[in-house]
Amino acid sequence: AGGGGGGGSANYYVKRRRQLARQREASGNSGRIPTLYKLCVDLVVDNFEAVEALGDVGVEVRRSLGEHLVAAGRMDGAAFDVLAEAGVEALDVVDCTSVTQEAMVEAMEALLPAGLRALMLNHAGRCFGPRVVNAIVSAPKKDIFGISIGGAYLLKDEDAASLVAATASTLSSIEFKACNLLGSSFCNAVAHHYSSKGSNGCLLELSLEDVPLTKEGLLTLGASSSDALRNLKSLTLRQIEGVDDEVVSVLLGAITGGELEHIDLGHNLELTDDCLPAIRRVNQNGKLRSLQLGNLKNLTGAGLEAFFTYDIPGLPQPPQLRKLDLSSCDEGSVSDDVLHLAAIASSSKHAEGQKSTAARKRLKAGTSTLGGLVHVDISGSSATDKSMEHLAATSYSSLEELNVSFCSKISDKGLGYLVDKCGRQLGKISIWGCAQITDLFLDGHSRIDEDPLEIVGIWMRQSGRRSVR
């Protein structure tokens, strides 16, 4: 086809082919020769009915096999029996919908005496109920340090309490997600069996998501009569109706060990700015590295700015974060100023009680190389190109992943500047809903011909007439 229009279309087509190839390469779907590992996994999955045992295959490979079996629709009882053979230290099944409770009971009876240390079951449904709990509780030998159960609709409140009571001496990590029968008995068991007076248990990780716990039950966990949460390193309370500012303040106040590294309070609609000082106070030793406050619609810009501001009387300095999630908050609350203060705090190595320093002044000027944010999610915010400049100044050697989806005020120039300044450790940028991002950035950023930079959510269009991928 001749003419300028045809040449333009051909050039556009060539650029899109290059872009698609880069995206496929970044996602591991380039059409090139697959890795030896993938070939082996595919071969085993395709012939899994002939596999009698996996032997010394490690947890990560077993998990990968499980994922591929589920994707291929071949995860049945026989496949589960192979994955759960005696001798494995961790049973990690990503989808247990095809596993019966009888099969899980048999697995527990075989695995616990053989040294099972961790139990991770997602979409547990019918397979994790009273009979399985009884098998664990009655086992003469159990040395489990981690339990993660998702979607167990047969797990009753009293059974969860019995499970905690029977394993508290070794169990240090507890996670329950979408288990709709959990209640006050579970909370009371945790409060009692992990208190210094109740047993010799040491709870390090507690994760509760989408469970019907009341405010009263949650307050039991941090009651003055119990110090069950004193040693926590990670606390997740997501999408729980009973969580409010008072609950957060009480529970964080009960964490006295000074080792808390991760807090996730996302999707709790009752939380306001009043919960933020409690997060500052629990970080007395400066160990907090991950903070997730996604979808907290009642947070304000003033509250977040105060949270990341230095030298507030009566509070420790703001946390030096590596992971920050402020996604889907009220659009106006997550501004350039908020991200600027968060980036400064993340990049500043400050001693406890340290006041204004020359180093902090250099940070404000954008010259620090200390620390920095690694994972940032500000999707749905009012951030502009100034936020990209702040990240480039403070986190250019640390930033690995950025999500700016539905941030309509960030332009090609802002993202291009960030990519120019950041090191090659930056591997992924998500831009879903950013129709303003054009080929100027997608085909013109400085990493275009180097090792892949994955850009997720690309809009394919030209003059408003192109289709969207």
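1. Ala90 stands opposite Ala118 in strand 2. Helices (H or I, at least four residues) and strands (E, at least two) are DSSP runs, numbered from the N terminus. The model is predicted: local features need pLDDT of at least 70, side-chain atom pairs count only at pLDDT 80 or more, and totals for chains, interfaces and linings use all residues. Residues are numbered from 1 along each chain as its sequence is written, and side-chain values use heavy atoms, with hydrogens and water left out.

2. Strand 1 and strand 2 run parallel, joined by 4 bridges; two strands pair if DSSP finds at least two bridges between them. Strand 2 also pairs in the parallel sense with strand 3 (residues 146–150), over 4 bridges. There, Ala118 has Gly146 as its bridge partner.

3. From strand 2 the chain crosses through helix 6 to strand 3, a right-handed β-α-β crossover. Right-handed means that, with the strands pointing away from the viewer, the path from the first strand over the helix to the second runs clockwise. Strand 1, helix 5 and strand 2 likewise make a right-handed β-α-β unit.

4. Which residues of helix 5 (residues 101–111) are buried? They are Gln101, Ala103, Met104, Val105, Ala107, Met108 and Leu111. Buried means under 20% relative accessible area (1.4 Å probe, protein chains only). These residues pack against helix 4 (77–83), strand 1 (90–93), strand 2 (118–121) and helix 6 (130–137).

5. For the chain as a whole, the secondary structure comes to 17 helices and 13 strands. Of its 469 residues, 49% are buried.

Terms used. Buried < 20%, exposed > 50% of the residue type's maximum accessible area, 1.4 Å probe, protein only. Contact = heavy atoms within 4.5 Å.
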